[in-house]
Amino acid sequence: MNNYPTSWNDVSVEQFIELSTFSISDFESDTDYYLAVYEFLTNATEEEINNLDFEEYLDFVKAVRFLSETPKNWEHCTGDDEFTFIGFNNLTLGNFIDLEVFFSQNYLEKLPYILMVLYRKTKIGEWDEQIFEPISKIDIESRVEEMKEVSIGETFGIISEYLTFRNKFLEKRRALFGM
């Protein structure tokens with residue numbers, strides 16, 4: 001029985017951030033790399049790794065081939081539909097500035113913060129319209145912790161979508177920003 005992910009949808013944002021620090025070239029062999037990944041993803045002890053059946057190890061290596069690819073998907077809802085993408089056209093200037101700051105730093109480390117800006121809880125208003133929670137009402141640190149637990153397979157693709165939106169936005173406003 002395996003207790004490891006078999007697709008990006010099974011990997012949390014927090015796990016993805018940690019996995020991004022693993023580079024096969026940093027290990028003496030491919031086997032050392034995959035054993036380190038196995039240990040991380042399964043929380044296996046050294047004894048469990050030493051007793052790992054070779055066939056089970058090979059099954060693991062086959063199952064995690066997806067790790068060599070970048071997750072590309074994103075969903076409008078994530079976190080068991082608890083959070084909804086607010087839409088790029090609903091970004092405020094403050095949201096845009098926050099995102100620019102997060103992207104100017106190590107965006108992988110800031111990924112939970114980026115997702116906090118782009119995904120919000122919603123409720124239905126008086127006339128059946130969707131209302132997004134105001135960012136001013138969010139406990140930032142607890143929301144960041146929640147965002148660490150959502151699936152990277154449901155969210156990572158939003159990064160390239162945002163960058164495309166951002167580039168088009170800045171291009172259209174080039175004269176305004178004096179670029």
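1. Read along the sequence, the chain runs α-α-α-α-β-β-α-α-β-β-β-α-α-α. That makes nine helices and five strands. Both are DSSP runs numbered from the N terminus: helices are H or I with at least four residues, strands are E with at least two.

2. A word on the source. This is a predicted model, in which local features need pLDDT of at least 70 and side-chain atom pairs count only at pLDDT 80 or more, while totals for chains, interfaces and linings use all residues. Residues are numbered from 1 along each chain as its sequence is written, and side-chain values use heavy atoms, with hydrogens and water left out.

3. Overall dimensions. The C-alpha atoms fill a box of roughly 60 × 45 × 25 Å along the principal axes. Of the 179 residues, 39% count as buried (under 20% relative accessible area, 1.4 Å probe, protein chains only). Take contacts (heavy atoms within 4.5 Å) between residues at least 6 apart in sequence: 70% of them join residues at least 24 apart.

4. The core. The largest nonpolar core holds 52 residues. Such a core is a set of buried Ala, Val, Leu, Ile, Met, Phe, Trp, Tyr and Cys residues joined through side-chain atoms within 4.5 Å. Phe60, Leu91, Leu111 and Leu118 have the most contacts inside this core. Elements giving two or more residues to this core include helix 1 (13-19), helix 2 (30-42), helix 4 (54-63) and strand 2 (83-85). Helix 6 (111-118) is also among them, and helix 6 gives the largest share, seven residues. In soluble globular proteins, nonpolar side chains tend to be buried together.

5. Phe60 up close. Leaving aside neighbours within four places in sequence, Phe60 is in contact with Tyr4, Tyr34, Val37, Tyr38 and Leu41.

6. Helix 7 (140-148). Arg143, Val144 and Met147 are buried here. They lie on the same side of helix 7, because they cover an arc of only 105° around the axis, taken from the directions from the helix axis to the C-beta atoms. Helix 1, strand 2, helix 6 and strand 3 (119-120) are among the elements that cover the buried residues.

7. Helix 5 against helix 9. Helix 5 (residues 93-104) and helix 9 (residues 157-172) pack at about 115°, with axes 12 Å apart. Axes are lines fitted to C-alpha atoms over the stretch in contact; angles run from 0 to 180 degrees between N-to-C directions. Helix 5 contributes Phe96, Leu99, Glu100 and Phe103 to the contact. Helix 9 contributes Ile159, Tyr162, Leu163, Arg166, Phe169 and Leu170.

Technical notes:
Buried means under 20% relative accessible area, exposed over 50%, partly exposed in between (1.4 Å probe, protein chains only).
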